[in-house]
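Subject: Structure handover

Hello,

Here is the structure I said I would pass on. My notes follow below it.

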Amino acid sequence: MAERALKALNYDPSDLWVLDEEDLEALEIGAGILGTGGGGNPYIGKLRARLAMRSGYNLSILPLDRLADDARCISLGGIGAPVVAYERLKEGREGLRCVRALEEHLGIAIDAIVCEEIGGANSMEPLIAAAFAGLPVVDCDGMGRAFPEMQMTTFSIYGHRSTPSVMCDLHGNVVLFQHAASELWHERMARACVVSQGGASTLASAPMTGAFLKKYSIPHSYTQAVSLGRAVLKARREHADPVAAICAQENGRQVFSGKIVDLERHLRGGFVIGEAKLAGIDAFNGDTASVMIQNENLVFSRNGEVEVSVPDLIIVLDVDSGNAITTEMLRYGQRVAIVALPCHSLLRSAAALEVVGPKAFGFDDVTFRPIEGMQP
Amino acid sequence: MYRLGIDVGGTNTDAVIMEGRHVLSGVKASTTEDVTTGVIEALEGAIAKAGIDRSRISTVMIGTTHFTNAVIERKHINHVAAIRLGLPATACLPPMVDWPNDLAEAVGHHTYLVRGGYEFDGRAIAPLDEEELIRIAADIRLKNVKAAAITCVFSPINAEMEQRAKAVIEKHCPGLPIVVSGDIGRIGLLERESAAIMNASLLSLAAKTVDAFAKALKDAGLSCPFFITQNDGTLMAAATVRSFPVLTFASGPTNSMRGAAFLTGRKEAIVVDIGGTTSDVGALHHGFPRQAATIVDVGGVRTNFRMPDVFSIGLGGGSLVRELANGDVTVGPQSVGYRIARDALVFGGQTLTTTDIAVALGKADVGDASKVAHLDRALAEKAHARIVQMLENSVERSRVSADPIPVIAVGGGSILMPDRLGDLDVIRPENFAVANAVGAAIAQISGEVDRVFALEKGLTREICLKQAEQEATERALSAGAIAETIQVIEREDVPLAYLPGNATRIHVKVVGEMGGFHG
């Protein structure tokens, strides 16, 4: 334990940002927006995080540049269908069991927890597990948004092998993935396991070093999500347009306002797959649009032409409040604004686009074009 | 033929007689403790004022904020045993975890987590722990809890465990009213559970209230059918309200907003309906209440009903005004409610209310002004400033752009509203005081289909949606809707994965104008 304590003190405790309840409220909004329709509703996660906070646990964030190069960090998140997580709430300590099982298997002590996916509920899951484990969460993540599959992290894209990994469910099942022949195999096996565990579990992946994270993680994710949430809260207070505030904060663009006129969703292998069709309102009166969904919003077309595609962020917002609407909360007749935000450059390399570009989701005729090049 | 619209608020009971688009008469009476007397007074007044033959009244529509008020004031609420079937799932968050403390206290902290529940594919999470249910039943008897709400994980997909648990509790607690969540809401455990608990807490009040309505109409010699308006502004049979009082939660605001739009002809506005106990604030867009996108807050609790985006604050004409020891003045949320005509100072009572403040400052002329002549001017000014601040805050919260749209003030308590609010003009339409009752009288009739369709043997999703729409339309027509006014307001399909037959749950709701509206 002495060795563990020394290792943990590679950072100065005063460097830690200990979250308070207001930070959590802002994070809920920001992570919801970055969820691009998926990643699960952060509300439930927020309640759990708040309950942990009120029970005396510290939820703390460690700045990426304060992380020691040889620190051992494991990424962790919920995996499965958002609609399941929204209905069949967790037992609560799935994440902690993942961390302990992985430590035990590898015979090491972990220094910090890393977020796989800042978008949606997975922004909260690492905080809850880390709080119970007495560890900080690093200010970074592997997606800068939400994606439907595990191999779609910058960690995997830039060479990290995510096995051995551990998956825990609410029944007390602990599954160790000793080795996967590829990241895709890991995803496939994990997905099959999630479905058998009821469609929503928690998974912790093999440790990464601090040095690797500094190079290949999406930096400052928690700072970004909390700032985004604060910008929305400020806009609401001042009766400014929250949609405009989101665009301004993240260098994005409002690409549509409309009403949902048709909605098709299927649950397939734990994914929500479908399409929302919209009829334009206000400045977009007379236009039609569609958003293709695979847990997240992936391709946005206006009048039949693709305008925004993954990995850039396509966000469906309540037109008035600026609240993000997750794909399972879409309803016929809703009035929404659609905003596109540019993704991090780590997601736009050729290697990244193979994994998280439109073709990786089966949109063979769609070529990724960064939204910065779009005609306004 | 005529229509009689009645609105039963916490303080006032209003009635209007309408013929086609014309308001023939509108009358306000005080809500009475027995409800019946106030309803009779209002409707007799309206019938007399319109000078019509009561046998030619074809329909009675009643809107009421009784149940919402009960939640907001935390009054007339039963203790509820909140039973959740789902362990080991859901242990991370107990029932009512996101409720305001005082409301959770009002229903008691009787929460029980039981092994059971379903996975998304219909497997059991755990077998239902019936022995635990029997122990819970004993606890319910011991604590004399008045109702139970049972919520099972994934009950919208499979209702069986909720029904089984209900049977077990019923057997061991004979006569206990029990609500199952699958009857109330959709997928989303916490919101559905909260709605079921609130519904259970209101059952005694619901039975009492519906009986009172029926008695009033009978005593007045009205034998035509009567309907009660629900959240989306459509009508439901009175008997349904006995079991599902929560479905009326937003009917008050919906009625007042539709009434305000109808009376002013304004399509874009913020409507503030100031009653005796609460004020409801919401925005009109294209003449309809703006619908909440996702989650609606009722008395501080999230629910997942489809409702207008309206919120209530505890400010009305009967709100209590109190001076604290430190000199601060508080307004509401407690109210003298329907006892205003007895308890307010200007009516000879002993309780200082917001109405007394308005009269003391010469802003309203109600009751006997001499009874408030003694009031400390500084206290009255402080209370008035607080009232204006509460109204401004709530209007600002509803406002979604900087455009200077008007504020429409309706409701009996609108004497509290200044002529301008911040930078916004205030409009008071003719018949402003009875806008709610007008909204009830123009309420639409709906038809609904909500069931599981098997997408097989050539049946596509589109065909099934179309079929559901036709059935819903037929139901609306047979309930009295006019064919050319029917429109679809809800259309939703939720696939039930991994069930045989490619099953999908389809929910379609259509609404139309009640026959006679154009007559």
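Of the 519 residues in chain B, 55% are buried. Please keep in mind throughout that this is a predicted model.

Overall build of chain B

Chain B contains 14 helices and 24 strands. Its C-alpha atoms occupy a box of roughly 75 × 55 × 50 Å along the principal axes. The radius of gyration of chain B is 24 Å, and this agrees with a compact globule, because 519 residues packed that way would give a value near 24 Å. If we take the contacts in chain B with a separation of 6 or more, 68% of them link residues 24 or more positions apart.

A parallel sheet

One open sheet in chain B is built from four strands, in the order β6-β5-β7-β8, with parallel pairing. The edge positions go to β6 (110–115) and β8 (178–180) of chain B; each has a single partner strand, so one side of each has no neighbour in the sheet. On average, neighbouring strands of this sheet are turned by 20° against each other, with direction ignored.

Strand β5 (residues 80–87) of chain B runs parallel to β6(B) and is joined to it by six bridges. If you want a place to start looking, B:A82 sits opposite B:T111 of β6(B).

A helix pair

Two packed helices are described by the angle between their axes and the distance between the axes. For helix α2 (residues 66–73) and helix α7 (residues 203–219), both of chain B, the axes come within 10 Å and cross at roughly 145°. The crossing of α2(B) with α7(B) is right-handed. On the α2(B) side the contact is made by B:H66, B:F67 and B:A70, and on the α7(B) side by B:L205, B:A206 and B:T209. By type, the residues of this contact are four nonpolar and two polar, with no charged ones.

Where the chains meet

Which residues make up the contact between chain A and chain B, and how many does each chain give? Chain A contributes 31 residues and chain B contributes 28 residues. On the side of chain B that touches chain A, the largest share comes from strand β23 (residues 487–495) of chain B, with five residues. That side of chain B consists of 17 nonpolar, eight charged and three polar residues.

That is what I have on this one.

Regards

Terms used:
Residues are numbered from 1 along each chain as its sequence is written. Chains are lettered from A and ligands numbered from 1 in the order in which they are written. This is a predicted model: local features need pLDDT of at least 70, side-chain atom pairs count only at pLDDT 80 or more; totals for chains, interfaces and linings use all residues. Two residues are in contact if their C-beta atoms, placed from the backbone, lie within 7 Å. Helices (H or I, at least four residues) and strands (E, at least two) are DSSP runs, numbered from the N terminus. Ala, Val, Leu, Ile, Met, Phe, Trp, Tyr, Cys and Pro count as nonpolar, Asp, Glu, Lys and Arg as charged, and the others, Gly among them, as polar. The radius of gyration is taken over C-alpha atoms; the globule rule is 2.2 Å times the number of residues to the power 0.38. A residue is buried if 20 or more other C-beta atoms lie within 10 Å of its own, exposed if 12 or fewer, and partly exposed in between; C-beta atoms are placed from the backbone. Axes are lines fitted to C-alpha atoms, for helices over the stretch in contact, and angles run from 0 to 180 degrees between N-to-C directions. A crossing is left-handed if the near helix is turned anticlockwise from the far one by less than a right angle, and right-handed if clockwise. Two strands pair if DSSP finds at least two bridges between them.
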